[in-house]
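Here is a short briefing on one protein chain. Please keep the structure open while reading.

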Amino acid sequence: AFDQRESGLPLQQKIAACALFALVRSRAVKEVTVGRLHEAYVRGCRECRVAPLAQGEFASVCDMLQVRGIVQMNRRKDVRLAKVRLSVDEDAIGHAVRDR
């Protein structure tokens with residue numbers, strides 16, 4: 001089911017998903033704040049030579065990843081403090097972000 005839903009993931013969502021995966025893997029944690037994820041996402045955008053989205057727009061990217069079932073997000077009044085965690089495994093992330 002995941003494979004079918006995730007074909008054609010938009011670039012900004014791919015970078016955000018990769019950033020979250022890298023943070024979770026490197027820090028051995030299950031969740032991070034949207035603020036920390038945005039910082040990692042901005043670094044990822046620079047590496048890919050893509051203009052990063054502002055914090056508010058990035059929150060919409062996180063929302064879309066949640067709708068697609070890739071992440072779970074605990075909403076807070078201050079979006080930067082909301083917690084984000086992966087809902088899928090490493091293989092699914094690899095498939096979702098692979099260029100076609």
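From the N terminus on, the elements run α-α-β-α-α-β-β-α. That gives 5 helices and 3 strands in the chain. Helices (H or I, at least four residues) and strands (E, at least two) are DSSP runs, numbered from the N terminus. This is a predicted model: local features need pLDDT of at least 70, side-chain atom pairs count only at pLDDT 80 or more, and totals for chains, interfaces and linings use all residues. Residues are numbered from 1 along each chain as its sequence is written, and side-chain values use heavy atoms, with hydrogens and water left out.

**Whole chain**
- Of the 100 residues in the chain, 44% are buried. Buried means under 20% relative accessible area, exposed over 50%, and partly exposed in between (1.4 Å probe, protein chains only).
- Take the contacts between residues at least 6 apart in sequence: 57% of them join residues at least 24 apart. A contact means heavy atoms within 4.5 Å.

**Helix α4**
- Helix α4 covers residues 55–67, which is 13 residues. From first C-alpha to last, α4 reaches 19 Å, close to the 18 Å expected at 1.5 Å a residue. The expected span is 1.5 Å times one less than the number of residues in the helix.
- Its buried residues are Q55, F58, A59, V61, C62 and L65. Seen down the axis of α4, these buried residues fall within an arc of 155°, so they line one face of the helix. The arc is that of the directions from the helix axis to the C-beta atoms.
- Exposed residues G56 and V67 sit on the face of α4 turned away from its buried side.
- The cover over the buried residues of α4 includes α2 (11–27), α3 (34–48) and β2 (71–74).
- Just after α4, G69 takes a positive phi of about 85°.

**α3 against α4**
- The axes of α3 and α4 come within 11 Å and cross at roughly 100°. That makes α3 roughly perpendicular to α4. Axes are lines fitted to C-alpha atoms, for helices over the stretch in contact, and angles run from 0 to 180 degrees between N-to-C directions. Angles under 35 degrees count as roughly parallel, over 145 as roughly antiparallel, 65 to 115 as roughly perpendicular and the rest as oblique.
- On the α3 side, V34, G35, L37, H38 and Y41 meet Q55, F58 and C62 in α4.
- The residues of this contact divide into 5 nonpolar, 3 polar and no charged. Ala, Val, Leu, Ile, Met, Phe, Trp, Tyr, Cys and Pro count as nonpolar, Asp, Glu, Lys and Arg as charged, and the others, Gly among them, as polar.

**Helix α2**
- α2 has 17 residues and reaches 24 Å from its first C-alpha to its last, close to the 24 Å expected at 1.5 Å a residue.
- Among the buried residues of α2 are I15, L20, F21, L23 and V24, along with Q12, Q13 and K14.

**Two single residues**
- V32 is found in strand β1 (residues 31–33). V32 is buried, with a relative accessible area of 4%.
- Leaving out residues up to four places away in sequence, V32 touches L20, L23, L37, A82, K83 and V84.
- V32 and L86 are 54 residues apart along the chain, and their C-alpha atoms are separated by 9.7 Å.
- R49 lies in the loop between α3 and α4. R49 is exposed, with a relative accessible area of 79%.
- Phi of R49 is near 55°, a positive value in a residue other than glycine.
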